[in-house]
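Visitor: I'm new to this one. Can you walk me through it?
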Amino acid sequence: MSPTIRIRHATLADLPALVALERRAFTTDHLSPRQYRHHLTNPRALVLAAVDTSGLLGKAVVLFRKGSSVARLYSIAVDDAARGRGIAKALLRAVERGARTRGCTRMRLEVAQKNIGAIALYEKLGYRRFGACARFYEDGADAWRYEKILRVEKSTKSSP
Ligand SMILES: CC(C)(COP(=O)(O)OP(=O)(O)OC[C@H]1O[C@@H](n2cnc3c(N)ncnc32)[C@H](O)[C@@H]1OP(=O)(O)O)[C@@H](O)C(=O)NCCC(=O)NCCS
């Protein structure tokens, strides 16, 4: 990923850009402005933004449950023009670090069975398929369920 791109916590100031990216990146199951506002102010959510001087390039949302060591990747997207530059990979690694910091040992996610690009991303980063959910999405598409065991990293790089 280019050194001009950085990953940081998203804030309420990012709300319009997050919602606009959401609309561009997904054809269904959009996170609403209300949901984003909730996640941005909720300690049981982690919302990270990939940015450069032009603005928001990507985002990832992870949810945590009280008493659970399983984190859930709720949403990840990179703007069309910024794809293929390692931004999703960097966002995923950053949310995994954030989950580990909160004591989580697993990350789980759902992905549309037809979303070949996202499936390739998750498998490349060590996620393993462990189940399926029929008609998971608003458009009736089926999902795979994926999980990754979050091992302690050797790197001392800090979480955003
Ligand atoms: C899926 C998505 C987040 C990938 O973002 P990205 O920044 O382009 O991904 P990266 O550049 O970090 O790719 C990392 C790896 O993922 C895999 N990958 C990503 N997109 C891929 C694609 N379209 N086809 C095949 N492999 C792909 C590759 O293995 C890639 O590694 P490589 O470049 O060394 O080959 C992006 O395409 C997107 O926002 N899609 C729309 C929203 C979406 O589907 N989100 C996931 C919902 S579950």
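Guide: Start with β6 and strand β7 (residues 143-149): 5 bridges join the two, and they run antiparallel. Strands here are DSSP runs of E with at least two residues, helices are runs of H or I with at least four, and both are numbered from the N terminus. Two strands pair if DSSP finds at least two bridges between them. This is a predicted model: local features need pLDDT of at least 70, side-chain atom pairs count only at pLDDT 80 or more, and totals for chains, interfaces and linings use all residues. Residues are numbered from 1 along each chain as its sequence is written.

Visitor: Which residue of β7 does Gly131 stand opposite?
Guide: Gly131 faces Arg145 there.

Visitor: In what order do the 7 strands of the sheet come?
Guide: The order is β1-β2-β3-β4-β5-β7-β6, in an open sheet with mixed pairing. β1 (6-9) and β6 (128-133) are at the edges with a single partner strand each, so one side of each has no neighbour in the sheet.

Visitor: And which strands does helix α1 lie across?
Guide: Helix α1 (residues 15-25) lies across β3 (55-63) and β4, at about 85 degrees to β3. Angles run from 0 to 180 degrees between N-to-C directions, with axes fitted to C-alpha atoms, for helices over the stretch in contact; contact means C-beta atoms, placed from the backbone, within 7 Å.

Visitor: New topic: how many residues surround the ligand?
Guide: There are 20, and the closest are Arg83, Ala88, Gly117, Ala120 and Leu121. A residue counts as near if its C-beta atom, placed from the backbone, lies within 6 Å.

Visitor: What gives the most to that shell?
Guide: α4 does, with 6 residues.

Technical notes
Contact = placed C-beta atoms within 7 Å.
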